[in-house]
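Please read the points below with the model open beside them. They go from the overall fold to single residues.

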Amino acid sequence: VDDDFCANDCTGDGIYDDFETNDLNLLPWSTNGSAMWSTANTSPHQGQYVAASGTISHSQNTNLELTVNVPQAGVVEFWYRVSSEGSFDYLRFYIDNAEQDSWSGNIAWAQASYNVGAGNHTFRWAYTKDGSVNSGSDKVWIDEVYVGLPP
């Protein structure tokens, strides 16, 4: 396993963050948009903490990104939870700016997994709201992010 790839809390064949450090410093996370993502102790999938979207209003977005060099083809896996206005406000997941999936409404913890090739990749979780209506918590959460060889 590439030492640069496995520099932080590796599970043997990849990188992993379950946000139990209660910050976004374990991996090279970046956050941008109308509000910043942070960690929270709001109903995590496991442990005590999750990554939570920033608090946004109408027509705004909040993004969490991770750029890493993947030494060999594998997967990106994560757990997600959504509490938003169904069919209008979305958690969207991108690999290298290509949307892979989107979710809206009230979704209990679910796991997502996508194949990823070797090389530099940027993974982005974006929460976007439309121009009106607040529903649910108007937030999304991710937990247990893993990039590496299939488990």
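The numbered points that follow cover basis, fold, sheet, core and selected residues.

1. Basis. This is a predicted model, in which local features need pLDDT of at least 70 and side-chain atom pairs count only at pLDDT 80 or more, while totals for chains, interfaces and linings use all residues. Residues are numbered from 1 along each chain as its sequence is written, and side-chain values use heavy atoms, with hydrogens and water left out.

2. Overall fold. The protein has zero helices and 11 strands; these are DSSP runs numbered from the N terminus, with helices being H or I of at least four residues and strands E of at least two. Along the sequence the pattern is β-β-β-β-β-β-β-β-β-β-β.

3. Dimensions. The C-alpha trace spans about 45 × 30 × 25 Å along its principal axes. A compact globule of 151 residues would have a radius of gyration near 15 Å, and the 15 Å of the protein agrees with that. The radius is taken over C-alpha atoms, and the globule rule is 2.2 Å times the number of residues to the power 0.38.

4. Of the 151 residues, 46% count as buried; buried means under 20% relative accessible area, exposed over 50%, and partly exposed in between, with a 1.4 Å probe and protein chains only. Among contacts (heavy atoms within 4.5 Å) between residues at least 6 apart in sequence, 72% join residues at least 24 apart.

5. Five-stranded sheet. An open sheet of five strands has the order S2-S5-S10-S7-S8, with antiparallel pairing. Its edge strands are S2 (29–33) and S8, each of which pairs on one side only. Neighbouring strands of this sheet are turned by 20 degrees against each other on average, direction ignored; the axes are lines fitted to C-alpha atoms, for helices over the stretch in contact, and angles run from 0 to 180 degrees between N-to-C directions. Strands count as paired if DSSP finds at least two bridges between them. Within the sheet, S5 and S10 run antiparallel and are joined by 10 bridges, and Glu65 stands opposite Arg124 in S10.

6. Strand S1. Residues 14–17 form S1, and both of its faces are covered: Gly14 and Tyr16 on one side, and Ile15 and Asp17 on the other, are all buried. S1 pairs with S11 in the antiparallel sense over four bridges, where Ile15 has Val147 as its bridge partner.

7. Nonpolar side chains tend to be buried together in soluble globular proteins. The largest nonpolar core here has 32 residues, and Trp29, Phe78, Phe93, Trp103, Phe123, Trp125 and Ile142 have the most contacts inside it. At least two residues of this core come from each of S5 (61–70), S6 (74–83), S7 (90–95), S9 (106–116), S10 (119–128) and S11 (139–148). A nonpolar core is a set of buried Ala, Val, Leu, Ile, Met, Phe, Trp, Tyr and Cys residues joined through side-chain atoms within 4.5 Å. Leaving aside neighbours within four places in sequence, the contacts of Trp103 include Phe78, Tyr80, Phe93 and Tyr114.

8. Thr39 lies in S3 (residues 38–40) and is buried, with a relative accessible area of 15%. Its side chain makes a polar contact of 2.7 Å with that of Asn22; such a contact is a pair of N or O atoms within 3.5 Å, where within protein one must be able to donate a hydrogen and the other to accept it, and residues adjacent in sequence count only if both atoms are side-chain atoms. Val50 lies in S4 and is buried, with a relative accessible area of 0%. Beyond four places in sequence, the residues in contact with Val50 include Thr39, Trp109 and Trp141. The C-alpha atoms of Val50 and Trp141 are separated by 6.5 Å, although these residues are 91 apart along the chain.

9. Positive phi. Which values deserve a look at Ser43 and Asn97? Ser43 has a positive phi of about 45 degrees although it is not a glycine. Ser43 lies in the loop between S3 and S4 (50–52) and is partly exposed, at 45% relative accessibility. Asn97, likewise not a glycine, has a positive phi near 65 degrees. Asn97 lies in the loop between S7 and S8 (98–103) and is exposed, at 63% relative accessibility.

10. Asp130. This residue is in the loop between S10 and S11. Asp130 and Asn61 are 69 residues apart in sequence and 9.2 Å apart in space, C-alpha to C-alpha. Not counting residues up to four places away in sequence, Asp130 touches His58, Ser59, Glu85, Phe88 and Asp89.
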